[in-house]
Each structure stands twice: as C-alpha cells, then as structure tokens.
Amino acid sequence: MSEFEFLRNVTVGQYLPTNSPVHRLDPRTKLLLTLLMVLAATSTASPLATLLLLGVLGGVTGLAKLDARYVLRGLLPVAPFLLFLMAMQLLFQGRFSLCSTVWYEWHFVRVTPCLLELVLLGALRLLLFLFVLSLLTLTTTAAYLLHGIEQLLGPLQRIGLPVHEFALANIIALRFIPTIAEELERVAKAQVSRGGEFGSEPWYRPDRVARARLPLLVPLFVNTLRRAEELVVAMQARSYLGSQGRSRFVELRLRPADWGALALGGALLLLVWGLA
Amino acid sequence: MPPILRVENLHHTYTRQGHPVQALRGVDLTVEAGEYVVLLGHNGSGKSTLARHLNALLLPDQGNVWVHQWNTRDPAHLRAIRSMVGMVFQHPDNQIVATIVEEEVAFGPENLGLDRSEIRRRVEEALAQVAMQPFRHRAPHLLSGGQKQRVCIAGVLAMQPQVLVLDEATAMLDPQGRRDLLALVARLHRKQGVTVIAVTHFMHEAIDADRVVVLHEGRVALQGPPRWLFQQPEALRALQLDLPPASELAQALHRRFPAFPADRLTPEEVATAVQTYRPLQPAPQLLPPLLPTPSRPPPLLELQHVAHFYMRGTPLEIQALSDVSLAVHPGEIVGVLGATGSGKSTAIQHCNGLLRAHAGHVRVLDQDLSDPKVDLRAVRRAVGLVFQLPETQLFEQYVGDDVAYGPRQLGLPHAQVRRRVQAAMAAVGLPFAAFKDRVTWTLSGGEMRRAAIAGVLALEPQLLVLDEPTAGLDPQARQLLLRQLLDLQAQGCTLVLVSHNMDELASLCHRLAVIAEGRTTLTGSPAEVFAQPTVLRAFGLELPAMAQISERLQSEELLPPTAAFYTLAQAEATLSQLLAEPGKKPG
C-alpha cells in the first residue's frame, strides 16, 4: 500500500535547526565560503587536495551538530547519475589521455593511470559540490540565504537590476512550497478517493499519462492562480508599491566569528593552491 | 468630527466569464471613527466588493469613497489610505508573504519606508497585542489557522491603522480560534478605539456590533443595531439570512409567552431571561430518562486504537494520532469534533485506506485494512471521502463530466455512468438536465460544493465521510446542504461529519466523538458529550448555543440534568414546559 506523504523524502534543500556555531554565521559568510570551496575544488587537479577539502567539510558537519549519515543519505539519489558519468568517462575519455602507460586497451577503450585519476577527481568534485550545498541549506534558512544574496548583490540594484524583486519573488515562492505541496497531496487524495489511480498508465502512451494527470494539475493550477491573485490584493492592501521607498527590517551583521571563518576559508584556498 | 469613512452612491461592475456583473448598485454608507460595524449579506450580495473599496483596492465606477478626507480616486493619498485602513482576508495562507513570523509583521512597515528601529518597535508591539511573541521565529505554515490569522492582524496593526476591515476572517477557524480572534478585535475596538468593519456569515458575530449593515443585490437593504435587526426575522429571511440560534429560541418562546422578551441574542441573555421571567422552582423531571441503547448491527467502519506518524523515520517525525477509536454503525450519523491540529483530518483519512495505521486496526466492511490482500479500490468505493473545500478539487470543464469521473474510472458502461451521475446530481439538488452542461467555474460557491459532493456520491458509497462540509457557505447554502445530507441518510447512506460547528452537529448527529491531541477523548450520544462542557472547553471546543443555555439553567438548579437539551426543538419544548408550569399563567 502506498503512503501519501510528499514531503518525506526531500532532504536536499531541507533546513535542520540545531543552533550550532555554523547556523549562527551570517548567510553572506556562508555563501562566500561556499564559493571559496567551489573555487578551491575546481582550481586544483590533485585528488589529495580534494580529499582534504572533503575532510574539512566532514569537520564542518560535526561543528554544525548534524548527523553525517542523514547528510549523506540526501546525496544518495545522485549516485546512479554519478556512476553513469564515471562509466562514460572510463569508456570514452581514455583516447584523449596524455599518459604514456596503458593498462588496458580494447578498440576505442583505453585505460591509463591518468584516466583513473581524472575519473576519481571528477567524482570527488561532484560529491564535494553536493556536500557543500547540502551543508549550506541544512544550516541556513532559505529566507536568510535570499536576504544574503539580496545584500551581496545590492550594488547591482543601482545599475537597474531588479535584485529586490528577485529576492521577494523567491521568498514568496519558498513561502508557498509547503502550502502547494499540501494542496497537491490533498487533491491527489481526493481523486484517489474518487476511484482515480495514478501511475498505472503505460509509459509508451504519453497521451494517456497526461490525461491521467489532469485531475491533479488542473485544480493545482486553478488554485495556485487564485492564491496568487489573493496574495497580490493582500500585498497591495499593505501598501506594497514596489521596491521604491521601501526600507528593510532584517539586519545582517558580520561578527568576529564571520571574519574568522572567512579568514580560515581564504587560508584553506591558499593551502590547496600550495598543494597543487 | 468628520466620519472616518464615507461611501456615496457607489457603483461597481466587474466582468466574470465575459459577462458584466453589477456587484454594487448605489451604496451609501457612513462610518464614524470608533464604530464597530458588521456587514452581512448572502454570497454575491456585494459585501466583499464593498470592503475592497474601503482602502482603494478597487476604485468606484460611479460615486465616491472618502477615507478620512481623502478621496480613494486620488493616487497621491494611496499609501496614506492603505496604512489608515488595514484589511485581513479569509484565507490566512493566501495573504502571508514572508517565511518567518516577525518578517511577515514587518512587511507593511517596510513598505511605509520606516527605519529599522521603528519597525522593530512596531513589530514588538503588534506581536504583543495578538499574543504571538513566542512564535516570532516560527515559519507561518507551522502555525494553526487561528494563529496565522492573528499574525495577519499583527501585520496590519504594525501599520497603525485607524480602521480594521475583516473580510470573513473567521470563516476557516475552529471555535477556539474564532473566539480568540473576536475577543482580540473587541479589545482593539474598546481599548484603542480602532474602527472595525467585519464582513461575516455568522449571525452571532454580529451581536457585539454597534451597527449591522445588510447588503442585498448591491445595495444597503437594512441597517440598525443588532438587537433591533434580529427582531426582523421575516425581513432577514427574505434577504437569505437567518437568526443567531439563541435569538431564534427567544422569539419562539416569545410567540408562546408574549411576556418573554423576544430581543435576547446570546445564550447568557436567554438563560437570564428564563430565570427572571418569573421565579421558578427547581423543575421536576421533564423528559423521560435516556433509553438503553438498542442492540445494533455490527459496525460498517471501525477504528481501533489507531496511531499514525508523519515524516516517519526522519528527524522531523511527529505523532499525529496516538489512540483513536471510532465505530460507525449502518444508518447512523456520527459527528467528529476537534480543534484544528487535533488529528481529526488524519483520522478520517484512515477510513478508506489513504493513510495506514502505524498501530491499531482499521476495519471496513469486516475487512482489516492492514491485510495486504484487501482490495483498496473496493474499500474506496464503499467509503466516500469528501475533503475540505471539495470545490477546489474540481477539474473538468463541465459539471456532468466532473461528476462522471468516478464511475468512468470504474469502467462502467455509458448507460450506467449516466444513471449514476443523474442520481448523484439529483441527490444534491442539481438537476441533471439543467446542470450537466454548465461550466464548472460559473457555479455559485454553494453549487460548486454540492457538485463536488455529487462526484463522490456517484461512486454510490455505503458510508460518506465529509470534512467540514459547510465551511465558508452562507446561511442559505448551509441549510440546503444539511437538508440534503439528512435526505441521503434517510435513503440508507451512513454519514460521518467532521465539523467545527457545534450547533450543526448537535442537530444532526446520533453519536459524537471528540478527538483531541491525537486521541479520542469523549464518545457517546450528543447528550452525553455535551454534558462535559469543561472537557470540551479544555480542548478548544464550545457547547452548542442551546446546550449553553441548558448548562446555565442547570447551574442555577432550574433544570435537572435529565432534562438537559442541546437542539432548538428540544429547548423550545423543555422551556415551554418550564415556563408554563402550573402556578402562574404567563401574560
């Protein structure tokens, strides 16, 4: 018997409040550190340095009082994709390998030590990106991430980029994710209660699949549009007339811990470059 | 002092489905500063449209609206008008912008361009006024409906408005949430002199108003103080409205005993009037004692000690149900009561196997649903489940097609589908010939609700479970739907009703079950359940109006517990006997 709980298996993008020092860092700090990590990982070709970075992330996980198993489980859905990528590299990348030693050759397949190193490095890098992104979202609410982005990009507003509107639109989207997920769940349950069955259509008949999804999508669309209309009215009723003349309530402040974390991040980047 | 709001010959027409709809046809209305005005009117009478004119969300086609001394047509005053007149709408979910409570409250002040320290001060003050400071860092979607509405009010208060417009703000709340919200509004009105304009479908919410304005066909049809207004039952009925339950009883008693005051509006007032009508001796036993329950056929549906967890196996796991037991016998109407978040919606989703019991058993038609061999589709045909606001789940363009969805899924031949659709639509009072080709979205709110219920009836269930079937309907649509449910029961359909409306449950149900904090805390006949007012109140519920009167008379020892009543008919019969006791003839 299937269970209807749409939010249960979503761990990527999930926020877990544990009130750790990592949680308390300014979102701008965490965004910048994430960028530093990605920069460090992409600018080194040494698997050793990449392993070092992964180790650092493991340490941060502990510092953030998160269960490493829970964090890693969030990465599991990517595993098939990762394996596929590695297989593809092994099969087709060998011909362009610069190594002179060849361990195995069969038609176009050519396995060399450099190729193995490249495949390993690619996999480690991808893991690292996902790991650092999970850590960012697990320790920072999406709203604070957006506040951070808004303030980091703030100067661009002056040259006419709609930074505020972008941030507000995203905050509203975030605010409605649980609402609309609940709605989808309720509509699905209602249609199942009326004898509907989803997922039994043959995949080679996209017309029938689409037809079967209509009872879910039509109400969801109609209700979302209605919500949007009501929200616009409610925002207008509270004097929202765009970003002009608007002030900001949320205050972000960089504390000594933030400067310290940024300094450590910088040092790590230099260390990685030194290892290369 | 000039009036704070002045509406002059206001006309407004909007287009719906390409047709012009004249929502307002010449409204004149003046509201003085500090007044508490309630706007009544059936669906489509124009009251929400009028409310939206009061802070320039809509602009007049003809006529004028002045807020303070500003004409709403003048764009220069838009910010001033909107910060002076704050609005709270029906669905809290659709008016919250931010993902954190305090940021939500700050949204309005941010729009006014206030500086950070002033915003901080106003957010503190507004959260304190609605008693939501402990929740300031919460995400709004984790709050109850009543708490969300209080956050919305705080968001408006932070703009320091002089007028508060509530557009059916209590419609979606449970009794506790509704009571808290009304008390909050009354406090703001009394202590801070806020002018209140409340649009509502609940007659008893009009009782505290200084003035009630009834709209009909886009005009003001009737207005006056509530005590006067509710003395006009015929006029109100002609305007498709009804009376508060206590007022209805007072007038029924007045017809029998002309000296009994007809203008009593609340249960307290009626109880006091019964006491002072003349000094009464403690009454003798008036009604026969309760009969022993006859032996009943085995239950159609049985929940036995059901427990359920959400997000099971994640760090976010929460227990929604810990011990829910409920038996529904053929032919019964069983009411399920409980505050928001008590677990009652989770409980009813076990009835047709949408959710699986993590402990305990669910038995439907003598089958245990935890048995993997059970055909769930057959169970779902036997147990029809109608969700809250079912009209939001309609998806077909034509009413007939939507109702036919279920039977078509069963793969029935065309003639049978047609017969079932016809029968289902007839059962909810939507004649097949007239309605099958109507476009779904053009139906009225009440008709859409009934069409959605027909969609479940077309599966010909033996048991129909309805979650808040009358929420958000106007009085007339509500009465009509309840009558149709009674007809269904008379035709042999067993019903389970989940509702916040105690008066409704009292007058319809054979048995009641109270769910609180994930367990069934009380079950029994309405008389048994309503004899436990302290338990009900502890769980955020309230007695029906008639039972409140009965409770008061019992505490004054004017009524023996065996004569307790909870429906209007019982109250009328019992009190007529009580007032007509030999000794003194009334009048």
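This text goes through a predicted model of chains A and B, from its confidence scores to the interface and then to one histidine of chain B.

The model as a whole has an ipTM of 0.84 and a pTM of 0.82. For chain B the mean pLDDT is 89, and 96% of the residues score at least 70. Chain A has a mean pLDDT of 84, with 94% of its residues at 70 or more. Where pLDDT is low, the predicted coordinates should not be read in detail.

The interface comes next. Chain B contributes 76 residues to the contact and chain A contributes 62 residues. Between them an area of about 6,000 Å² is buried, 55% of it from carbon and sulfur atoms. The polar side of the interface can be counted in two ways. There are 4 salt bridges across the interface of chain B and chain A; one of them pairs A:R194 with B:D402, whose closest N and O atoms lie 3.2 Å apart. Polar contacts join 23 residue pairs between the two chains, with both residues at pLDDT 80 or more.

On the side of chain B that touches chain A, the elements giving two or more residues are the helices α2 (78-84), α3 (101-111), α4 (116-129), α12 (376-382), α13 (399-409) and α16 (445-457), together with strand β11 (301-310). Helix α3 of chain B gives the most to this side, with 10 residues. By class, this side of chain B has 36 nonpolar, 24 polar and 16 charged residues.

The last stop is within chain B. B:H42 sits in the loop between β3 (36-40) and α1 (47-53) of chain B. Is this residue, B:H42, buried or exposed? B:H42 counts as buried because its relative accessible area is 8%, under the 20% cut-off. Leaving out residues up to four places away in sequence, B:H42 touches B:K47, B:H201, B:H216, B:L239, B:Q240, B:L241 and B:D474. With B:H216, the side chain of B:H42 also makes a polar contact of 3.4 Å.

Methods. Residues are numbered from 1 along each chain as its sequence is written. Chains are lettered from A and ligands numbered from 1 in the order in which they are written. Side-chain values use heavy atoms; hydrogens and water are left out. Contact means heavy atoms within 4.5 Å. Buried area is the accessible area (1.4 Å probe) that two parts lose on being put together, summed over both. A salt bridge is a side-chain nitrogen of Lys or Arg within 4 Å of a carboxyl oxygen of Asp or Glu. A polar contact is a pair of N or O atoms within 3.5 Å; within protein, one must be able to donate a hydrogen and the other to accept it, and residues adjacent in sequence count only if both atoms are side-chain atoms. Helices (H or I, at least four residues) and strands (E, at least two) are DSSP runs, numbered from the N terminus. Ala, Val, Leu, Ile, Met, Phe, Trp, Tyr, Cys and Pro count as nonpolar, Asp, Glu, Lys and Arg as charged, and the others, Gly among them, as polar. pLDDT is the predictor's confidence in each residue, from 0 to 100. Buried means under 20% relative accessible area, exposed over 50%, partly exposed in between (1.4 Å probe, protein chains only).
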